[in-house]
Amino acid sequence: MADRPVRGTPGWLRETNDRTALALLLEHGVLTRTRIGELSGLSKPTAAQMVSRLETAGLIHVVGEVSAGRGPNAAGYAVRTDRMLGVAVDIDATSLRSTIVDAAGAEHPIAVTPLAARTPEADLRLAIDAACSAASVDPERVRAVCVGVQGALDPRTDELTYIETLPGWPKRGIRHRLEDALGIAVHIDNDVNLAAIAERTDGAGRDTAGFALLWMGDGLGLAVDQAGAVHRGASGGAGEIGYLPIPRAAAGPDPAAADLQDLIGGPAVAELAAAHGLSGDLLGDEAAREALVAELAARVAVGVVPVLALLDPELVVLGGPTGAACGPRLAELVAAELRDAWGERAVVATGVPTHPVLRGAREHLLGEVREALFDEVSRIAV
């Protein structure tokens with residue numbers, strides 16, 4: 001980051017004004033010089049100077065004209081969102097899904113790359129290139145990548161744990177290794193934590209003081225949002241709820257289940273679906289689907305009980321492929337299962353049923369990409 005101008009100096013004032021203009025353009029989209037002046041409370045000459053500096057630096061550009069009423073049309077300016085880019089990546093056992101993230105937070109196509117027996121560097125490079133190709137942007141513009149993995153990264157040691165789905169990925173030094181190889185900033189996070197970020201931003205977690213997201217897919221996970229911050233634990237491994245043993249009193253749904261993964265993990269749900277004559281994505285006869293969801297609700301309630309006992313969250317969100325597929329009906333039946341022992345509890349279906357991990361990674365990168373643009377403002381102010 002460039003040396004910041006001393007507070008109170010002309011350079012500091014220019015930077016402050018330019019940051020204000022850039023922030024307004026990111027918030028409102030296309031604006032004229034006059035409108036930037038009105039929104040910022042600065043004079044027309046000062047607004048014109050801000051726009052001129054940002055345009056000369058290549059941070060904004062003219063994107064057309066805006067009607068000025070009775071007078072001539074005025075030039076409309078917008079942020080050059082291709083100046084700094086990020087790539088959000090979601091990795092599972094078979095593939096990498098990736099998408100471009102720009103400073104405007106615009107939606108871009110999602111590219112899918114098979115996960116092969118390559119090095120982590122090669123896998124990520126292909127995912128980045130695929131996302132850039134799908135969005136028709138220059139890979140050289142990519143400054144950072146956020147990777148969601150089915151595992152945990154210890155921030156103290158840069159060590160990955162619970163990564164059975166990532167054969168060939170080293171356990172130690174992975175982030176530094178990737179940054180050295182790719183030449184960009186790399187952020188690695190648990191996929192369920194990223195899904196919780198998406199839930200807070202775009203889903204059921206909005207406007208809550210906090211919530212717990214129970215992720216049900218091939219594996220299980222739990223993410224805890226506390227006032228907008230995800231609790232990751234000392235080693236980054238908080239929320240590995242699938243390893244929790246089944247209490248004897250709750251062994252009724254499946255006496256052979258040893259832990260929650262056995263009870264409501266992906267293989268268990270697939271077996272239940274087959275027994276009810278449903279496909280792997282839980283589609284089929286409506287009566288059979290209702291019977292499956294009812295049976296599954298009793299099992300899911302077993303997993304929610306320790307969450308209530310330990311965390312007492314305002315809201316429990318049922319997410320992941322299973323939560324999304326079963327929707328509000330599963331949430332309703334789980335709440336009913338809990339009512340006698342725990343009273344009325346708020347249990348809801350995910351509000352981000354598609355690509356929640358990518359959406360969470362995009363939200364993380366959005367801040368990084370925007371800060372990189374603001375750093376450019378600091379450089380032109382010096």
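Author: Accessible areas come from the Shrake-Rupley method with a 1.4 Å probe; for residues, only the protein chains shown count as cover. Here the protein exposes about 17,300 Å², of which carbon and sulfur atoms supply 53%. The model is a predicted one, in which local features need pLDDT of at least 70 and side-chain atom pairs count only at pLDDT 80 or more, while totals for chains, interfaces and linings use all residues. Residues are numbered from 1 along each chain as its sequence is written, and side-chain values use heavy atoms, with hydrogens and water left out.

Reader: What percentage of the 382 residues is buried?

Author: A residue is buried under 20% relative accessible area, exposed over 50% and partly exposed in between (1.4 Å probe, protein chains only). Buried residues make up 48% of the 382 in the protein.

Reader: How many helices and strands does the secondary structure contain?

Author: Helices (H or I, at least four residues) and strands (E, at least two) are DSSP runs, numbered from the N terminus. The protein has eleven helices and 14 strands.

Reader: In what order do the strands of the open sheet lie?

Author: Two strands pair if DSSP finds at least two bridges between them. The open sheet of five strands has the order 5-4-3-6-9, with mixed pairing. Its edge strands, strand 5 (111-114) and strand 9, each pair on one side only. Strand 4 (residues 95-101) runs antiparallel to strand 5, joined by four bridges; serine 98 has alanine 111 of strand 5 as its bridge partner.

Reader: Which strands pair with strand 6?

Author: Strand 3 (residues 85-91) pairs with strand 6 in the parallel sense over six bridges, and aspartate 90 stands opposite glycine 148 of strand 6. Strand 9 (residues 185-190) also runs parallel to strand 6, again with six bridges, and valine 145 faces valine 186 of strand 9. Of the eight residues in strand 6 (residues 142-149), seven are buried.

Reader: How are helix 1 and helix 2 oriented to each other?

Author: Axes are lines fitted to C-alpha atoms, for helices over the stretch in contact (heavy atoms within 4.5 Å), and angles run from 0 to 180 degrees between N-to-C directions. Angles under 35 degrees count as roughly parallel, over 145 as roughly antiparallel, 65 to 115 as roughly perpendicular and the rest as oblique. The axes of helix 1 (residues 10-28) and helix 2 (residues 33-40) come within 10 Å and cross at roughly 105°, so the two helices are roughly perpendicular. Among the residues making the contact are Leu24 of helix 1 and Ile36 of helix 2.
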